[in-house]
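I opened this entry to keep track of what I looked up.

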Amino acid sequence: MRSIILIMVLITATLTGCGVVKDTEVPSGAFLGEYYQVTDDKGNVLEFNKKPTRIYATTLSIEEILVDLVPLNRIVAISEPAADTKISLIADKAAHISVKLPQKASTEKILSLKPDLVIVQENSNAAFIQSLKDVGLKVYITKVPTTVKMVRSRIINLAAAVGEKQQGGKIINELDNKTETVKKVIGQIPKSEKKNLMAYSLLGVFGSAEGLFHDICISAGVTNGAALAGLVRGEHLSKEKIVEVDPDILMFSDYSSTQEGDSELFRKEVLDDPALQSIKAIKNKNIIIIKDRYRYAASQYIGDAICDIAQKTYPEYFDQINN
C-alpha cells in the first residue's frame, strides 16, 4: 500500500513540477518552445506564439538592422528610400523585397500588408502609433539612439523581438570588432595630434552634444567642433563661431537624403566662403566626405561610420595596419 501511495506522489510531482509547463504558462495556440515575450523601450510587453514572419519597420535605420537580422522573406515591405541606390546602405538587399512603400505609409496601407509585427521609433507621431494599435497590430516601440551603447542595445532588443538572438549576437560582434579596432589605433595617437572636426549638412554645421553624431566623433577619436562651439539642436552656428573653433577638418556628406539641394555646389560655397578662409581645414585643404547615412547611423552601420571618419581623419595611422 505504501509503495502505491509513493508512486502516486511521484507521478503528481512530475506532472506539476518543472518537467511539464503548466497550461497557464503558455498562451492558447502556442507550441511548446516557440512562445516568448519581449518588452519594448516604452515598457509594453509583446507576446509571440512564434517568430514573426511578416515584419514591417517604419524607419530606414530599423530596416538596416532588420535586413541583417532576418531572412528577407520575413520582411513584408521595405521603404522606397531603402531601395534608393543613391542614399541607401542596403539597396542591394532591398531590391529583393517586392513591396516598396513611401517612407511614411498610412495606417490603412500598413494594415493591408497584414504584418504580424510593426516596429516604430518613439519619436513617431503618437496618434499614428496609437492608430496602429487600434486596428489590432502588434507594435514594438524603440528609442532613438543618441550613443553607440544605445545602438548596441537597440540591435540586441530587436533581435529578441524577432526571435533571432543568435543572429543579433553576430551583428554585435562585428560592430564591436570595428569599434575596438578603431579604439586601439586612436589610442596610439598623441594628444597633440588629435583633430577637431566640424561637420556640415546642407543646412549648415550640425552635431550638438546631445546627438548621435557627437558620440560617433568620440568613438572615432575626433573632437566634435559643433559641440565645442556650443551648438544647440535646432539652431544654426554662426560663421564667427566656426572661425573661433578653427576646425582642423571639415566633413561633408556625399549626398543628402533629407534636404533639397546640390551637395557638391554647397560644398564649394562653403570652401570658397571669404569669411572662412582663415580656418585650418580650408587653408590645409583637410576635407573629408562620408556617406550621408553615416551622419546618424542608428544601426550596425555606426561601426562603419566610426571607421570611415577615423581612417579619413588619421590616414597615416590606419595605413600602418592596412598594409
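My notes on the chain, its helix contacts and a few single residues follow.

**Ground rules.** I am working with a predicted model, in which local features need pLDDT of at least 70 and side-chain atom pairs count only at pLDDT 80 or more, while totals for chains, interfaces and linings use all residues. Residues are numbered from 1 along each chain as its sequence is written, and side-chain values use heavy atoms, with hydrogens and water left out.

**Whole chain.** I found 15 helices and 12 strands. These are DSSP runs numbered from the N terminus: helices are H or I with at least four residues, strands are E with at least two. Of the 323 residues, 46% count as buried. Buried means under 20% relative accessible area, exposed means over 50%, and partly exposed lies in between (1.4 Å probe, protein chains only). I then turned to contacts, meaning heavy atoms within 4.5 Å. Among those with a separation of 6 or more, 61% join residues 24 or more positions apart.

How many of the 10 residues of H2 are buried? Nine are, so I call helix H2 (residues 60–69) mostly covered. Among the buried ones are Glu 63 and Glu 64. Next I checked H2 against helix H7 (residues 148–161): the axes come within 11 Å and cross at roughly 55°. That makes H2 oblique to H7. Axes here are lines fitted to C-alpha atoms, for helices over the stretch in contact, and angles run from 0 to 180 degrees between N-to-C directions. Angles under 35 degrees count as roughly parallel, over 145 as roughly antiparallel, 65 to 115 as roughly perpendicular, and the rest as oblique. From H2, Ser 61, Ile 62, Ile 65 and Leu 69 meet Arg 154, Ile 155, Leu 158 and Ala 159 of H7. I sorted the residues of this contact into six nonpolar, one polar and one charged. Nonpolar covers Ala, Val, Leu, Ile, Met, Phe, Trp, Tyr, Cys and Pro; charged covers Asp, Glu, Lys and Arg; the others, Gly among them, are polar.

**H8 and H14.** The axes of helix H8 (residues 165–186) and helix H14 (residues 302–313) come within 8 Å and cross at roughly 20°. That makes H8 roughly parallel to H14. Leu 175, Lys 178, Thr 179 and Val 182 of H8 meet residues of H14 including Ile 302, Asp 304 and Cys 307. The contact divides into six nonpolar, two polar and two charged residues.

Is Asn 224 buried or exposed? Asn 224 is buried, at 3% relative accessible area. Asn 224 sits in strand E10 (residues 223–224). Leaving out residues up to four places away in sequence, I listed its contacts, including Phe 213, His 214 and Cys 217. Those three are also among the buried residues of H9. Helix H9 (residues 212–220) has seven of its nine residues buried. Just after H9, Gly 221 has a positive phi of about 80°.

**Positive phi elsewhere.** Most residues other than glycine have a negative phi. Asp 246 has phi near 55°, in the loop between helix H11 (239–245) and strand E11 (249–253). Asp 246 is partly exposed, at 22%. Lys 285 also has phi near 55°, in the loop between helix H13 (280–283) and strand E12 (287–290). Lys 285 is exposed, at 71% relative accessibility.
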